[in-house]
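Trainee: Could we go through this structure together? I would like to learn what the labels rest on.

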Amino acid sequence: MDRKERLLAREVAVKAASKAGELAREHFGSKLNIQHKDERGDLVTEVDVRADRLIVDEIMAVFPTHRIYSEEAGEGGAASECVWHVDPLDGTNNFALGIPLYGVSISLSYQGRIILGVIHDSALGLNYAALQGDGAWQDGRRLAAEPSGALVKSTISWIQGHAVGKNDQGALGLRHHLEHSVKRVLRMWAPSLTWAMLARGDLHGIVLYNSEGEDLYAGLLLAQEAGVKVTDFDGNSLALLGGGTGSVSESGSGSGDGNPAYIVAAVPAYHAELLKIVQEATK
């Protein structure tokens, strides 16, 4: 894709995310048709489905030859070097409970690499966007992740995948260790908004344990473009898609060989210290 196409893709994604966010805001706090997606208790509402269709239609109207993976509709479109990932309502459980922490996550990969990430904070109506090599932006303001103060007195965030069970000893042990190593470990249940906080510099770091793709890629690119260092638990730099060691695959798994994603993200000034804390609990 040339720069003109990438800029058009950003415009389309921001427009689609804004429309989906507006739809969610209109129904926030109303009586919802809530269903359980699986035995883990994950929820889906009619707003998820309608927002998903809205975004897919907006993208396909401009890029009919692209492929799309969406949270609710699954895989669609033609075989293509250009692949979109869509989470139309990130934070559905919050949304259903009346907690105003929910958003939209849209990303685009080209030839196996994420080149565009868009996040919409639906409750606040804020847009975040990042083009590979072009910085991270909140509406018209360029973002730079510049937290200050000691890591031990800071707030970091924990993100875990839907497949992580309540008795996962690795997750329990690591989270417990983090709770005792820093001031506060935040769990928002809306990963895209958590990544936006990191890109703004409001958080000192994120530890991600076995997480999936649709609500991951846009946030990762946004954070990296804001100056955040992203590695796996071994300290290997993370490439966004493409396979190989230290990458996140298009299926949402970790190293490109079927392993789940385990990530430490923080600005360089704090990354080594946070990684050490994680490794103390995982080695």
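Mentor: Here are some questions and answers about the labels used for this chain.

Mentor: This is a predicted model, where local features need pLDDT of at least 70, side-chain atom pairs count only at pLDDT 80 or more, and totals for chains, interfaces and linings use all residues. Residues are numbered from 1 along each chain as its sequence is written, and side-chain values use heavy atoms, with hydrogens and water left out.

Trainee: How many helices and strands are in the chain?

Mentor: The chain has seven helices and 17 strands. Both are DSSP runs numbered from the N terminus: helices are H or I with at least four residues, strands are E with at least two.

Trainee: Why is Tyr 217 called buried?

Mentor: Buried means under 20% relative accessible area, exposed means over 50%, and partly exposed is in between, using a 1.4 Å probe and protein chains only. Tyr 217 has a relative accessible area of 1%, so the residue is buried. Its place is in helix H6. For the chain of 283 residues, 53% count as buried.

Trainee: And why is Asn 33 called partly exposed?

Mentor: Asn 33 has 43% relative accessibility, so it counts as partly exposed. You will find Asn 33 in the loop between H1 and strand E1 (34-36).

Trainee: Which residues is Asn 33 in contact with, leaving aside neighbours within four places in sequence?

Mentor: They are Val 44, Thr 45 and Glu 46; contact means heavy atoms within 4.5 Å. The C-alpha atoms of Asn 33 and Val 44 are separated by 8.4 Å, and these residues are eleven apart along the chain.

Trainee: Is Thr 45 buried or exposed?

Mentor: Thr 45 has 2% relative accessibility, so it counts as buried. Thr 45 belongs to strand E2 (residues 43-45).

Trainee: What does the side chain of Thr 45 reach?

Mentor: It reaches the backbone nitrogen of Val 47 at 3.1 Å. A polar contact is a pair of N or O atoms within 3.5 Å; within protein, one must be able to donate a hydrogen and the other to accept it, and residues adjacent in sequence count only if both atoms are side-chain atoms. At the start of H1, a side-chain oxygen of Asp 2 comes within 3.2 Å of the backbone nitrogen of Lys 4.

Trainee: What span is expected for helix H1?

Mentor: The expected span is 1.5 Å times one less than the number of residues. Helix H1 (residues 3-27) has 25 residues and reaches 36 Å from first C-alpha to last, close to the 36 Å expected. Just after H1, Gly 29 has a positive phi of about 85°.

Trainee: What makes H5 roughly parallel to H6?

Mentor: Helix H5 (residues 191-200) and helix H6 (residues 217-225) pack at about 0°, with axes 8 Å apart. That angle makes H5 roughly parallel to H6, since angles under 35 degrees count as roughly parallel, over 145 as roughly antiparallel, 65 to 115 as roughly perpendicular and the rest as oblique.

Trainee: Which residues meet there?

Mentor: Trp 195, Ala 196, Leu 198 and Ala 199 in H5 meet Gly 219, Leu 220, Leu 222 and Ala 223 in H6.

Trainee: Why is H6 called largely enclosed?

Mentor: Seven of the nine residues of H6 are buried, so the rest of the structure largely encloses this helix. Among the buried ones are Tyr 217, Ala 218 and Leu 221. After H6 comes Gly 227, with a positive phi near 105°.

Technical notes:
Axes are lines fitted to C-alpha atoms, for helices over the stretch in contact, and angles run from 0 to 180 degrees between N-to-C directions.
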